[in-house]
Each structure stands twice: as C-alpha cells, then as structure tokens.
Amino acid sequence: MTTKLFGQRIRRVEDPRLLSGRGRYLDDLGHDALAVAFVRSPHAHARVLDIDVSAALEVEGLVAIFSYDDLDGKTSEPLPLLIPHPALTHGRTPYALAKDEVNHVGEAIVMVVASDRYVAEDVVGLIRVDYELLPPVVGVERARDGGALVHDDVPGNVAATMVQEVGDAAAAIDASPRRQRLQLSIERSASMPMEGKGVLARWDADDESLLVHTSTQTSTSVRQAIAAKLSLPVDRVEVVTPDVGGGFGVKIVHPWPEEILVPWASVRLNRPVKWVEDRREHFISSAHERGQLHDVTVGYGDDGRVTGLSVQFWHDNGAYTPYGLIVPIITSTQLLGPYKPTAYRVEFASLYTNTVMVTPYRGAGRPQGCFVMERVMDAIAADLGLDRALVRERNFIQPDEMPYDHGLTFQDGRPLIYDSGDFPASLSKLKQLVGWDDFAKYRERAAAEGRRVGIGLACYVEGTGVGPYEGGHIRVETDGSVVVSTGLTTQGQGHQTMLAQIVADELGVPMERVRVTTGDTRRFKYAVGTFASRTAVMSGSAVALTARKVRAKALRIASNALEAAVDDLEIVDGHVQVKGSPGSQVDLGAVAVLSNPLRYAFDEAAARATQFATPHDPDQPPVAADDEPGLEGSGFFSPTRSTFANGMHAVVVETDPDTAEVKILRYCVVHDCGTIINPMIVEGQVHGGVAQGIGGALFERMEYDESGQLLNASYMDFLMPYASEIPHIEIDHLETPSPLNPLGVKGAGEAGVIPVSAAIAAAIEDAEGVVITAMPISPSELFDLRRAREQRGEAR
C-alpha cells in the first residue's frame with residue numbers, strides 16, 4: 001500500500017546532490033564565455049561629464065567597451081517599473097547604463113567585455129570618468145526636508161504618498177481614556193545570499209535564438225523582459241535558472257541591468273557572455289530593505305483594548321522604485337497583525353535617497369510593521385501595569401470572527417481578509433512552550449546570581465500565496481516515472497521534495513519515481529515567480545490539481561484495459577488495480593504506453609500501443625476529439641485572494657551588566673501555516689528566518705555616511721551572526737487550514753524573520769528597564785541607553 005506522504009517529515013531529495021558539491025550554480029557554467037566587468041560610480045550623486053577609454057584600448061584580451069551611447073532601441077530606455085500603482089505618481093527606474101547622471105554609489109556606467117574577468121577588471125581600472133558632483137540626499141530625514149533633490153523632477157523627493165483608513169481614527173483616539181505617542185525606527189539591511197547575481201547568455205545567430213541562464217527568482221518574467229528590451233520574439237528567448245545559492249527577495253527584481261546588458265552583448269558580439277556579481281557589487285548595486293521611520297499615536301481603554309490607532313511613516317526607497325510600493329504597502333497593512341483596532345489610519349510617504357534602491361527582502365515590510373505594533377502593545381501594558389500577553393489577548397481577532405475583513409487593500413490589490421487562524425490558541429501554546437507564567441521565578445534566581453535576564457514576545461500575521469497564478473505540467477513516462485515541471489524557481493527551499501510529496505500522493509506512486517524541474521522556460525512557459533511565501537500555496541495547489549487530471553485520465557484508460565468501471569479502480573504503488581482485487585492490475589507506465597497510439601514499436605512496451613495490438617472501434621479515431629496523446633496534463637491555480645499565515649515568537653535574553661552584550665538564551669516559535677506538507681521543511685524555513693531576524697535585530701545594518709558612501713560594504717565590516725549566535729529554536733505548530741486552496745496550506749518562507757526584532761526588543765527592555773524604540777541595537781547603543789537612564793536618575 002502506498003504510504004501517505006503529505007504531512008510527513010520526508011528528508012529533502014535535493015540535499016545529497018547539493019551537500020556533496022554536485023550543485024550547478026551560475027558560475028559553474030559558461031567556461032567558454034567572454035567575461036564582463038563594470039565601471040561603477042564612486043559617487044552617490046553626480047553628473048557624468050566625460051568617459052575616456054583611450055588608456056584601455058590596447059589591453060590584450062579586451063573585446064568591447066560599451067557605455068550608454070552604445071545602447072540601441074529599447075535597451076536605451078529606462079528599465080521597467082514592474083508594479084505600477086496609482087499612488088506612485090513619481091516612479092523612477094534606472095537605465096541599464098547610466099545616462100548623464102548617477103544616483104547612488106555603485107550605479108553602472110560602463111560595461112567591459114574581455115577574454116576573462118581578470119582582463120575585464122584591469123580594463124575597468126584604466127577607464128577614466130569625469131564627474132560634476134551634486135548634493136547627495138542620504139537618510140529619511142534629509143530626504144524629508146527636501147532641501148536637495150535626488151531627481152530634479154520629483155518635488156520633495158516624494159515618490160508616493162498613500163493613505164488607508166477604517167473608521168475615524170483621530171476621533172477614536174481623542175475619545176480614548178488613555179493615549180500614547182511613539183516614534184520608532186528600523187535601519188536598513190539587505191538579503192546577502194551566499195551567491196550573488198549572475199547572467200550567462202548564448203546567442204545562436206543561425207537559429208536567431210537566445211539562451212540565458214540567470215540566478216533569479218523568476219525565470220519566466222526575465223524571459224519576457226529580455227525579449228521586450230532586445231525586441232526579440234518571445235519564442236526565440238529561453239531562460240533557465242540553475243541552482244541558486246539563496247535569493248531572499250533580492251533576485252525577484254527583474255530585469256537587473258546585467259540581465260539586459262549581458263544578453264545584448266552576446267547578440268551584438270555573437271559570442272557567449274557571462275557576468276558574475278562580486279560581493280562588493282552586491283552591497284552597492286543590488287538592493288537593500290527595511291529602513292523606515294514611524295510616528296504612532298494610539299488610544300486605548302483602561303483594560304488595554306485599542307480603540308484607535310494612527311500611523312504615519314516614511315519609507316526610504318533608495319534611488320529608484322522598480323518594484324513599486326510593495327514594501328510600504330505591506331508594512332501599512334500587515335502592521336495590524338492579529339489585532340483589531342476599532343479605528344485605524346495609516347499614511348506613508350515613499351522617499352528617494354541617493355542610496356541603493358529598496359526592494360523586498362525576506363519579510364518584505366512586515367518586520368517593520370510588526371516591530372511597530374508590538375512596541376505599541378508593550379507600551380500599553382507598561383502604562384497599565386498589565387501582563388504583556390494579556391494585553392495582546394484582549395486585542396486579538398477571535399476564531400469565530402474568521403474570515404476577518406480589515407477593510408483595507410492588500411499588496412495584491414485585493415481585500416485584506418484573514419482566511420483562518422486561532423490567535424488565542426497560538427498564544428496559549430507559546431506561553432506554555434517558553435514558560436511565560438513561570439519566568440518571574442527564573443528572573444529571581446538569575447538576579448541572585450548577578451545576571452540580568454528578560455523575556456519578550458511578538459505576534460504577526462503574514463499574507464502568503466499572492467496571485468495571480470501558478471501552473472504545473474505532469475507527464476507519466478512509459479517506465480512509470482513521473483516528471484513534474486513548474487515555472488517557479490527554487491533557491492534551496494526544498495521545492496523538489498515538497499512538490500514530489502504532493503504529486504506522489506495524488507497519483508499513488510512511490511516518491512522516488514517523481515522528478516521535479518523548476519525555473520526552465522523550455523519546460524514550462526507561464527509562471528509568476530518565487531516570492532511572498534507562495535510556492536506551497538500556488539505551485540503546490542497547481543500540481544495537485546494537475547495530478548488529479550492525470551490520475552483521472554489514467555483511470556479512464558486503465559478501465560478499458562482492465563475491463564472495469566472507473567469507480568472500481570485505485571492507484572497503489574504505481575499500479576492501477578481493481579479495488580479489493582489487487583491481482584487485476586496494470587502498471588502506470590503501461591497506462592502511459594496505452595495513452596499514446598503508435599504506428600511503430602520501439603520496444604515491447606511500445607508494441608502494446610500499436611495499431612494491431614489492441615481491439616479498437618473502426619468507427620472511432622485512435623485519439624478522441626476531446627483527448628490528447630500521452631498520460632500528461634497541465635493545470636493552473638489562481639486564488640481569489642491571499643492566504644494569511646500567522647505565528648508568535650518568545651525570546652529569553654541575558655544582557656551583560658558591564659559590556660551590554662546581548663545573549664539569546666531561548667527562542668520559541670509557534671507557527672500556523674495551515675495544513676503542513678512537510679514539517680521538516682517548514683521548521684527549516686523557520687530556523688533560517690529566525691537566524692536572519694537575529695541578524696537584523698542585533699548585528700546587521702547598512703552604514704552610510706553623509707556623502708552616500710556605504711562604509712561597511714564587505715563581510716569584514718557588515719556584521720552577520722555566526723552559528724554561535726543562533727540559539728536552539730524550539731518550535732510548535734498549530735494547523736488552521738485555509739479554505740482558499742485545495743490543500744488548505746498557507747506559506748511559511750518568511751515566517752521566521754518577521755517578529756524577531758520586536759521580540760528581542762521587548763526582551764531587552766524587560767531585562768534592562770529602558771525603552772527600546774529603534775532596531776537593530778548594538779551593545780554600544782544599549783550602553784548609551786543605560787547611561788542616559790542613569791543621568792535622568794531613573795532606577796533600572
């Protein structure tokens with residue numbers, strides 16, 4: 001009997017290949033290709049006056065030097081604004097190579113193509129660019145005052161303003177028994193995947209076709225973008241995503257300038273061309289996220305229930321806005337978490353600065369919103385002297401209120417309606433897991449030993465599985481193996497395992513018979529991309545529906561071979577058999593043979609499908625008018641709106657009384673992603689997210705000086721947590737299935753990172769007795785907070 005795989009802790013089928021060094025990443029390909037390097041701006045804001053390449057022209061191995069003036073057709077136009085929005089009145093995107101002006105350190109000005117990367121870099125060093133320096137705008141405060149402009153035609157540096165409101169928040173706050181105002185901020189950070197971006201392009205002049213390999217999160221969309229920019233028919237362009245060493249959001253942006261320039265150069269030179277991003281390039285010319293300032297006013301009653309909430313915030317979008325307003329829209333809507341303020345108003349301004357552009361990074365605006373809302377909850381509890389968990393519980397949306405409509409518009413343009421969840425149950429599980437009610441005793445014991453400890457918690461809701469659609473194709477081969485193709489790319493999440501579990505269950509075949517391919521437009525043309533914790537919801541549902549189609553066809557064909565009714569058949573261990581009579585069966589591979597009427601016999605199996613091998617009705621065509629050859633099918637899934645996962649984290653920290661260093665003693669997570677396909681994969685996603693969240697809370701920040709220079713653009717200076725800084729993570733699950741998809745699943749990819757800064761801030765505040773309003777927090781900053789408290793004469 002086939003073992004049910006859905007919900008089981010199946011080991012990842014990808015791991016033996018990847019962990020043994022047999023992965024094939026972008027730089028493992030194209031050893032015969034020409035190499036690309038770029039001259040990038042050393043200035044944050046300047047006019048480009050002249051480019052002098054004369055000193056580089058005699059370098060042996062140089063093939064070509066290109067600047068903006070060499071670009072032609074649509075390649076000379078600005079890169080696309082991927083997600084337009086009515087509120088984005090002043091959207092701006094870069095050119096593939098800078099035209100007249102550079103707007104951040106690292107912006108590409110000249111492309112060099114040479115026999116290898118060493119020669120290309122040597123040539124880059126010989127090219128001289130003359131600049132006229134312009135005033136740089138660095139940081140939200142500088143952008144907000146509008147004294148200097150990033151783009152001359154954007155008044156006040158404001159790309160967009162947007163307001164959403166439910167009820168009359170101002171009136172509700174004014175009428176509240178209690179009110180507080182908080183000013184909160186989160187600094188910039190970035191994705192920092194182990195593998196940076198990279199592109200390899202091969203132009204076939206005889207076939208007039210282009211094959212591009214790129215380290216992306218959306219191969220199908222890159223294909224469309226390249227075809228549009230190079231004015232090629234889409235069917236002459238194919239994009240393949242090889243193994244990808246991490247994405248975390250930065251690789252969902254497309255097309256990057258290099259994804260246009262490298263294929264363009266390959267066509268122009270009729271040679272294979274490759275570029276691989278180095279680490280400094282990733283720091284200064286890819287994308288960052290997180291940086292926001294929030295001004296919050298909250299009204300609440302003596303019982304801690306929120307009666308009105310008003311939030312105004314300023315979002316630093318960097319020099320350009322290719323990904324639209326997705327990040328601040330998510331912040332503004334997901335800020336509410338599991339709570340239901342009676343009235344809510346949120347307004348944000350998205351501002352240009354002369355820094356690297358901001359696009360989604362794992363969490364995508366949610367960590368900022370969660371930090372704000374959870375700080376509000378803790379401030380209410382502190383004011384009223386109430387238990388912090390109790391204040392949260394009193395503000396929760398209740399299970400019987402699901403689906404819950406917030407009256408807002410989410411990032412996908414659809415209503416912000418929570419589909420399922422049981423927030424009180426999650427909190428109860430978390431309190432038990434971390435020992436919330438017993439922590440006072442632990443604190444007393446630690447204090448007796450001269451130790452400072454604190455506990456914090458944070459809750460979040462995450463919109464997952466955003467549309468518009470995803471699809472899949474499934475084919476049963478004549479040997480009984482199953483090939484699954486989907487347009488989504490994978491960056492190490494375990495997609496091949498998770499999708500194989502679904503298909504194996506649906507088709508009734510052993511999982512080892514299932515092979516999954518992703519991110520290859522030669523195999524599957526239509527997809528959206530891997531982002532927003534959507535693969536399980538979107539592709540999982542698509543391949544499940546497709547597998548059901550293939551299963552139905554297999555049963556129909558087998559019913560003729562077995563002379564049995566379809567309803568009397570089942571598929572077990574890859575065999576179609578009569579229920580209750582397993583001796584009467586046919587292998588699924590044989591069914592695949594029978595599905596394809598043949599004229600020629602290539603082997604014994606194929607002979608069974610030839611014209612004289614089986615009885616047939618001479619009055620009917622071999623392939624019915626409403627049928628197709630082959631045991632295969634395609635299908636798509638398009639949801640009405642997003643699903644909403646949720647979770648709660650608790651953390652116990654110890655702060656050093658002398659150095660103010662923060663040590664995490666315990667980290668507990670309760671997570672609800674609906675029906676769980678593979679608990680091991682979900683927990684791996686949570687572990688990775690928590691690790692990145694700890695980095696964002698205690699270590700990582702992009703440190704710009706006033707001239708727009710990124711001061712820590714290397715791993716020597718940009719702090720990231722080692723394994724020694726990541727504690728053991730304790731996880732419990734709650735499953736409230738989503739009614740919005742056939743599997744009842746919700747996404748899990750970003751869950752771990754979202755509430756970490758909020759939870760750690762609360763724990764440090766609990767340990768130290770100082771209010772934490774900004775993250776990340778370093779030991780020196782915590783030390784300064786201590787000293788400021790002492791100067792005010794306040795007790796700890």
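1. R17 and D243 form a salt bridge through their side chains, with an N to O distance of 2.6 Å. The pair links distant parts of the chain: R17 belongs to helix α1 (residues 15-19), while D243 sits in the loop between β11 (237-240) and α6 (257-269), 226 residues away. The model is a predicted one, and the distances in this note should be read as computed from it.

2. How exposed are R17 and D243? R17 has a relative accessibility of 29% and therefore counts as partly exposed. D243 has a relative accessible area of 16%; the cut-off for buried is under 20%, so D243 is buried.

3. A salt bridge also joins the side chains of D766 and R443, at 2.7 Å from N to O. D766 is in helix α18 (residues 756-768) and R443 is in helix α12 (residues 439-448), so this pair ties together parts that lie 323 residues apart in sequence. D766 is partly exposed, at 24% relative accessibility. R443 is partly exposed too, with a relative accessible area of 28%.

4. K746 and D672 make a salt bridge at 3.8 Å, N to O. K746 lies in the loop between β28 (729-733) and α18, and D672 in strand β27 (residues 662-672), so the bridge ties together parts that are 74 residues apart in sequence. Are these two residues buried or exposed? Both K746 and D672 are buried.

5. The structure has 54 salt bridges. Some share partners: R40, R117, E121, E258, D278 and E281 are joined in this way into one network. As background, side chains of opposite charge can pair when their charged atoms come close.

6. T464 deserves a separate look. T464 is a residue of strand β18 (residues 452-464), and its relative accessibility is 0%, so T464 counts as buried. Its side chain is in polar contact with the side chain of T643 at 2.6 Å. A polar atom of the T464 side chain also lies 2.9 Å from the backbone nitrogen of G747.

7. Which residues are in contact with T464, leaving aside its neighbours within four places in sequence? They are A532, S533, V537, S642, T643, A645, K746 and G747.

8. Turning to the strands, β5 (residues 108-114) is largely enclosed by the rest of the structure, because seven of its seven residues are buried. Strand β1 (residues 34-40) runs antiparallel to β5, and six bridges join the two. Within β5, A114 stands opposite A35. Strand β3 (residues 62-66) is also antiparallel to β5, through four bridges. Here V113 of β5 is opposite A64.

9. Three strands make up an open sheet, in the order β4-β2-β6 and with antiparallel pairing. Which strands are at its edges? They are β4 (101-102) and β6 (128-133), each of which pairs on one side only. Strand β2 (residues 46-52) is paired with β4 in the antiparallel sense over two bridges. In one of these strands, β4, V102 is the bridge partner of A46.

10. The protein is divided into three parts: domain 1 (32-134 + 191-285), domain 2 (365-464 + 641-791) and domain 3 (468-637). Taken over C-alpha atoms, the centres of domain 1 and domain 2 are 38 Å apart. Contact between these two domains involves 12 residues of domain 1 and 12 residues of domain 2.

11. How much area is buried between domain 1 and domain 2? About 850 Å² is buried there, and carbon and sulfur atoms give 60% of this area. The size of an interface is often given as the accessible area lost when the parts come together.

12. What polar pairing is found between domain 1 and domain 2? Two residue pairs are in polar contact, with both residues at pLDDT 80 or more. The count of salt bridges across this interface is zero.

Conventions: Residues numbered from 1 in each chain as written. Predicted model: local features only at pLDDT ≥ 70, side-chain atom pairs only at ≥ 80, totals over all residues. Heavy atoms only, no water. Pairing = 2+ DSSP bridges. Buried < 20%, exposed > 50% of the residue type's maximum accessible area, 1.4 Å probe, protein only. Salt bridge = Lys/Arg side-chain N within 4 Å of Asp/Glu carboxyl O. Domains from an automatic or database assignment. Contact = heavy atoms within 4.5 Å. Buried area = accessible area lost by both parts, 1.4 Å probe. Polar contact = N/O pair within 3.5 Å; in protein donor to acceptor, adjacent residues only side chain to side chain.
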